[in-house]
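Colleague: I'm new to this one. Could you walk me through how to read it, feature by feature?

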Amino acid sequence: MVGITSFGAYIPLFRLGEGTAGWRAGVEKAIASFDEDSITMAAAAAIDCLQGKDRKAVDGLYFATTTAPYLEKQGAAVIAEAVDLRTDILTGDFGNSLRAGTTALRSALDAVKAGSAGQVLVTAADLRVPQPRSEFEPVFGDGAAAVVVGTENVIAEIEASYSLAHEILDLWRPAGELFNRSSEDRFATDEGYSNVLPRAVKGLLEKCGLGPGDFARAVFYGPDARKHRSMAARLGFDAKTQVQDPLYNKIGNTGAAAVFMTLASALEEARPGDRILVASYGDGADAFVLKVTAEIENLPPRRGVKGYLKSKRMLDDYLTYVKWRGLIDMAPPVRRPPLDPPSPAAIFRERDQNIRLYGVQCNRCGCRQYPPQRVCTKCHTRDDFTPVRFSDKRATLFTYSMDSLGPTPDPPLIVCFIDFEGGGRMACTMTDRAVEEVRVGMPLEMSFRKLYTVAGIHNYYWKCVPVRD
Amino acid sequence: MTGIKDRVAVVGMGCTRFGEHWDKSAEDLMVEAAYEACEDAGIDPGDIQAAWLGFNYSLGTARGTMLSHALKLEYIPVTRVENACCTATDAFRNACYAVAAGIYELVLVLGVEKLKDAGVSGLPVSYAPMWGSRVEPPAPAPVQFALAATRYFHHYGLSYEEGKRTLAKIAVKNHRNGSLNPKAHFQKEISLEQAVKAPIIASPLGLFDCCGVSDGAAAAIITTPERARKIRDDYILVKGLGLSCGARQAVLQDDYDMVHFEETVAAARTAYQEAGIKNPREEVDLAIVHDCFTITELLIYEDLGFSPRGGAKEDIDAGFFTLEGGLPVNTDGGLKCFGHPVGASGLRMIYEVYKQIQGKAGARQVKKADIGLTHNLGGWPGHFTCAVAIFGRRD
């Protein structure tokens, strides 16, 4: 049996919505922090997805996004390191279309079916920047979701799939431009979304001899909440009992991750025997029939959409958001010399300690230390260590300072010494925090972030965050 | 090991005013400090047999020739030393060893820093390695030392307000001392309220918790005690020198308490041993220590054995470290008010001890000045270089 063996999600902490000064859209949506991008969010969803799974058993990682931080340089390779997968795996990026996620899913399905991979992790994320006050601004949200496709402990068998290609200029973002462009709405909808998605679903159902009544849940893409609602009727699903809420009024449309996010929601509530329809749209459509198995009840707990949805903080003001997206050029808090670029050779050499967040444990005295050392800080034994992954360890705040003048779009910069559960100390910064909650002893977890971008280098590393429970 | 006690004498010293010398170059500062020292010792710059030069930030060419060129020294050896905030003291220490070894008899040690051309406030420094992966927290000095302040407050159960007031008293004391010093960068007294309410730089440290960033130079002429006796009556003697380098223990070891700096403890142990000091609180008459931040001075009280562990607050409240107290600290205003041209500071401290022992400290002269101590701390918690030097009146 081939199907989905696990799922996970990541929704950034911050929201624009009620209470955000200057936000007029009337909806709530998730927005990535200034130090997040599609790579960091995809890594977070992948980690959520791999709860209770052996990370070293994953044979491939596909990353789907329309907002890749690099045009030339693979995102999946960075994510695979951050998630601490093996290196003898197939990694690939899927992009340029809102259905990149389901296309990656279809490819993973084919790879596993063909026996070329045992388990493939597919993680989708998007951070589309809508033009301020554009029609897209109330709609686009940031987030990520992931699934693993495999043959063992399948929680949802993929019974069938169906795809259509469809060439149309309905929504596009040319290379080198930040904002989306779109054609006239009636044309775009009539000849794009409303034309293609129903045909794909129809094709799939005919292929399997199923009707809308055979599905417990329908997970499908919608450009926005209104169009999503009207599609339900067109496809013949009951909006109340069958259609999975895409949470557009809570998270927003997360682009290439949107269908995965909705699927994760559906799987959180699914019961054995449930059939789920999954259909995505973007320059064509991909559709799948899933059947939930009894294994779903053995899935270890995870945050998922539910967990991340309830852990949130409203952004105080819209200006902060605009600043975080780099849409206005604010003066830095204090005059400082510009950042020097990091050394690619050093980043390469330190990839295990920086991206996998490996420290070491001394085989002689047991002392855990970060970053890895050649000579043990305690017993001075040389080169006799076992690597320890700290990225999944909880920590407590040992001490901190709040730098009012620090180089951050979100002052004050909280610089910390943290102590990991099970031993080990790290100096790092804290993100996604409310200043008033910071105190010695507070519980923390690690989050993969982009420290800064200098000379075209996105320098990824880990920060600590207050535990998101 | 015989130690350095009574084997080297300081016979002349010079120090520029510290501050924002927009109209002076590093060369100007070096010439002023060196000539003052030579005149004080009654020697000609041409008599100098070897020199040690300390500075941290590039003066164009990071070499000993900077000093040769400024003073027109004729082909004598000049060694450039750089060891963070201990630079000048370490240059002094190495020069002492050359004199004690009998290699040279008349040596110039000079520390200089020209910071204010950098165009930024604070130190023009990135704490990341020049070509590293640059993932370390961007934490300039105030941030690093604030880490210790937060932990000290927590460890000893001081509320934020109590902690702030305790630190503020150190700033008030150093401002008062600075107001009595015509060479200090800042010569104004401040009130406790002013210090407590100052804008936050890196919480819990505010503006008055942080030392000045200055231009300046200081110099010493050192020789053997035998030669010193021929030069002047009131030379002073080196009694002990200690230097200690940390190995990032505070970051690598999760049981490191961060309410003390072991590097200070270790450097002081060496210096006390050489000087034969058993009870520093009683035996040291004055100390000029590295108050880059008020919290640093507080920890130094405990690390040097002036106050018991956790007892600094009580001594601060009692005024123990004021000019009139039992052990005056930073009589010249300290880094806080005299200023901190990094590579010159160690020699500026020795300059104050020298003047105090000679009884030439003017309005800030302490009653008893037989044994004086200087202390530098370079780097940040977990990664310090610490220098301690002890001086005494000639026998």
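Colleague: Let's start with sheets. In what order do the strands β16, β15 and β17 of chain A lie in their open sheet?

Modeller: Before anything else, keep in mind that this is a predicted model. To read a sheet, you list the strands as they lie side by side. Here the order is β16-β15-β17 in chain A, an open sheet of three strands with antiparallel pairing. The edges are β16 (368-369) and β17 (385-389) of chain A; each has a single partner strand, so one side of each has no neighbour in the sheet.

Colleague: How many bridges join β15 to β16 in chain A?

Modeller: Two bridges link strand β15 (residues 358-362) of chain A with β16(A), and the strands run antiparallel. You can find a pair by eye: A:Val360 has A:Gln369 in β16(A) as its bridge partner.

Colleague: Now domains. Into which domains is chain A divided?

Modeller: Chain A splits into domain 1 (3-324) and domain 2 (344-466). Taken over C-alpha atoms, the centres of these two domains of chain A are 30 Å apart. Their contact takes 18 residues from domain 1 of chain A and 17 residues from domain 2 of chain A.

Colleague: Which element gives the most to the side of domain 1 of chain A that touches domain 2 of chain A?

Modeller: That's α1(A), with four residues. Helices α1 (38-49), α2 (75-82) and α8 (318-324) of chain A each supply at least two residues of that side. By class, the side of domain 1 of chain A that touches domain 2 of chain A has nine nonpolar, two polar and seven charged residues.

Colleague: And between chains? How many residues of chain A are in contact with chain B?

Modeller: The size of an interface is often given as the accessible area lost when the parts come together. Here we count residues instead: 37 residues of chain A are in contact with 30 residues of chain B. On the chain A side, β18(A) gives the most, with five residues. That side has 16 nonpolar, 13 polar and eight charged residues.

Colleague: Which strand of chain B is joined to β18(A)?

Modeller: Strand β5 (residues 200-203) of chain B: two bridges join β18(A) to it, and they run antiparallel. Look for A:Met402, whose bridge partner in β5(B) is B:Ser203.

Colleague: Then chain B itself. Why can we call chain B as compact as a globular protein of its length?

Modeller: Chain B has 14 helices and 11 strands. Its radius of gyration is 20 Å, close to the 21 Å that the globule rule gives for 395 residues, so chain B is as compact as a globular protein of that length. Buried residues make up 61% of those 395 residues.

Colleague: What is the strand order in the open sheet of nine strands in chain B?

Modeller: Read across chain B, the order is β3-β2-β4-β7-β1-β8-β11-β10-β9, with mixed pairing. At the edges stand β3 (78-81) and β9 (286-288) of chain B, each with a single partner strand, so one side of each lacks a neighbour in the sheet. Ignoring direction, neighbouring strands of this sheet are turned by 25 degrees against each other on average.

Colleague: In which sense do β9(B) and β10 of chain B pair?

Modeller: In the parallel sense, over three bridges. For a landmark, B:Ile288 stands opposite B:Thr374 in β10(B). Helix α14 (residues 345-358) of chain B packs on the sheet, and its direction makes about 170 degrees with that of β10(B).

How values were computed. Residues are numbered from 1 along each chain as its sequence is written. Chains are lettered from A and ligands numbered from 1 in the order in which they are written. This is a predicted model: local features need pLDDT of at least 70, side-chain atom pairs count only at pLDDT 80 or more; totals for chains, interfaces and linings use all residues. Two residues are in contact if their C-beta atoms, placed from the backbone, lie within 7 Å. Ala, Val, Leu, Ile, Met, Phe, Trp, Tyr, Cys and Pro count as nonpolar, Asp, Glu, Lys and Arg as charged, and the others, Gly among them, as polar. Two strands pair if DSSP finds at least two bridges between them. The radius of gyration is taken over C-alpha atoms; the globule rule is 2.2 Å times the number of residues to the power 0.38. A residue is buried if 20 or more other C-beta atoms lie within 10 Å of its own, exposed if 12 or fewer, and partly exposed in between; C-beta atoms are placed from the backbone. Axes are lines fitted to C-alpha atoms, for helices over the stretch in contact, and angles run from 0 to 180 degrees between N-to-C directions. Domain bounds come from an automatic or database domain assignment.
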